[in-house]
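Trainee: Could we go through this one together? I'd like to know what stands behind each label.

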Amino acid sequence: MLKWLWLSMLVILADQFSKQAALLFLVPFEPLALLPYFNFSLTFNEGAAFSFLSDAGGWQRWFLSALAIGISVFILAWLGKLDAREKLLACGLALILGGAIGNVIDRILYGKVTDFIDWYYHSSHTCLPFFYRLGDATCHWPTFNLADSAIFLGVALILSHTVFGKQPT
């Protein structure tokens with residue numbers, strides 16, 4: 001099922017193009033309002049998801065890069081062994097592969113991942129879990145990018161395949 005690598009390449013290209021556009025057109029940490037509850041806001045993450053390990057001193061750059069490369073090799077091998085009927089699983093794995101490589105490119109070249117997609121909501125009360133308060137009245141999901149979105153969608157497809165798409169034995 002290596003024919004799904006076109007999807008991984010599409011994710012990598014879209015991710016890298018969008019990050020370069022964000023770097024070119026956005027000012028770091030100054031939100032650009034697009035729609036209610038949606039901004040573009042250029043930020044950088046030296047860690048993993050939710051800024052995990054972002055202040056670890058620099059070793060995390062190489063550890064997270066090696067981890068992503070190792071997972072990518074594992075996914076490539078898994079894709080190569082899939083049955084042609086396992087399209088949902090193959091699509092999910094290809095999305096995760098593209099997202100992982102998109103972020104590892106940033107991590108290796110720049111030491112940090114470029115993020116720019118900012119979802120938020122207004123609240124005068126406590127924010128929901130995983131959201132953080134910015135200013136007095138808004139709760140923001142951690143800023144992310146297209147690679148992160150592809151990884152999330154890929155995981156959702158794999159879970160869907162696991163729950164609903166079992167092949168007959």
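Mentor: A disulfide here is a pair of cysteine sulfur atoms within 2.5 Å, and a search of the whole structure finds 1 disulfide. This is a predicted model, where local features need pLDDT of at least 70 and side-chain atom pairs count only at pLDDT 80 or more, while totals for chains, interfaces and linings use all residues. Residues are numbered from 1 along each chain as its sequence is written, and side-chain values use heavy atoms, with hydrogens and water left out.

Trainee: What makes C127 and C139 a disulfide?

Mentor: Their S to S distance is 2.0 Å, so the pair meets the 2.5 Å cut-off. C127 sits in the loop between β3 (113-122) and β4 (132-134), and C139 in strand β5 (residues 138-140), 12 residues apart. Strands (E, at least two residues) are DSSP runs, numbered from the N terminus.

Trainee: Why is the disulfide called left-handed?

Mentor: Because the torsion about the S-S bond of C127 and C139 is about -85°.

Trainee: Why is C91 called buried?

Mentor: Buried means under 20% relative accessible area (1.4 Å probe, protein chains only), exposed over 50%, partly exposed in between. C91 has 18%, so C91 counts as buried. C127 and C139 are buried too.

Trainee: How do you know that β4 and β5 pair?

Mentor: Two strands pair if DSSP finds at least two bridges between them. Here 3 bridges join β4 to β5, which run antiparallel. R133 stands opposite C139 in β5.

Trainee: In what order do the 5 strands lie in the open sheet?

Mentor: β1-β2-β3-β5-β4, with antiparallel pairing. β1 (32-35) and β4 are the edge strands, since each pairs on one side only.

Terms used
Helices (H or I, at least four residues) and strands (E, at least two) are DSSP runs, numbered from the N terminus.
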